[in-house]
Amino acid sequence: MSNWGYIIVGWSAAAGVLGAYAVRLVTRGRSLSRRVPPERRRWMG
């Protein structure tokens, strides 16, 4: 594999990990926000 191959694989792996983390973070935040009672949702009003 040439140097460019290693660079592309490295950047792809980093982008994949960061993308998966972002998706996990958003889904976890949405699930937690549903558990907060409506009167306690300060960010909604």
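A residue counts as buried when its relative accessible area is under 20%, and as exposed when that area is over 50%. Keep these cut-offs in mind for what follows. The model is predicted.

**The whole chain**

The chain has 45 residues, and buried ones make up 2% of them. Its secondary structure is quickly told: 1 helix and 0 strands. That helix, H1, covers residues 3-34. How far does the C-alpha trace span along its principal axes? The answer is about 60 × 15 × 5 Å. The accessible surface of the chain comes to about 4400 Å². Carbon and sulfur atoms hold 64% of that surface.

Tyr6 and Ile8 are worth a look. Tyr6 is found in helix H1, and Ile8 lies in helix H1 too. Are they buried or exposed? The table gives their values.

| Residue | Relative accessible area | Class |
|---|---|---|
| Tyr6 | 54% | exposed |
| Ile8 | 53% | exposed |

Tyr6 is classed as exposed because its 54% passes the cut-off of over 50%. Ile8 is exposed because its 53% also passes that cut-off.

**A distance and a patch**

Tyr6 and Val23 are 17 residues apart along the chain. Their C-alpha atoms are separated by 26 Å.

Ile8 also takes part in a nonpolar surface patch. Which residues make this patch? They are Trp4, Ile7, Ile8 and Trp11. The patch has an area of about 550 Å².

Terms used
Residues are numbered from 1 along each chain as its sequence is written. This is a predicted model: local features need pLDDT of at least 70, side-chain atom pairs count only at pLDDT 80 or more; totals for chains, interfaces and linings use all residues. Side-chain values use heavy atoms; hydrogens and water are left out. Patches are made of residues with over 30% relative accessible area and no salt bridge: like charges are joined within 9 Å, nonpolar side chains (Val, Leu, Ile, Met, Phe, Trp, Tyr) within 5 Å. Accessible areas come from the Shrake-Rupley method with a 1.4 Å probe; for residues, only the protein chains shown count as cover. A salt bridge is a side-chain nitrogen of Lys or Arg within 4 Å of a carboxyl oxygen of Asp or Glu. Helices (H or I, at least four residues) and strands (E, at least two) are DSSP runs, numbered from the N terminus. Buried means under 20% relative accessible area, exposed over 50%, partly exposed in between (1.4 Å probe, protein chains only).
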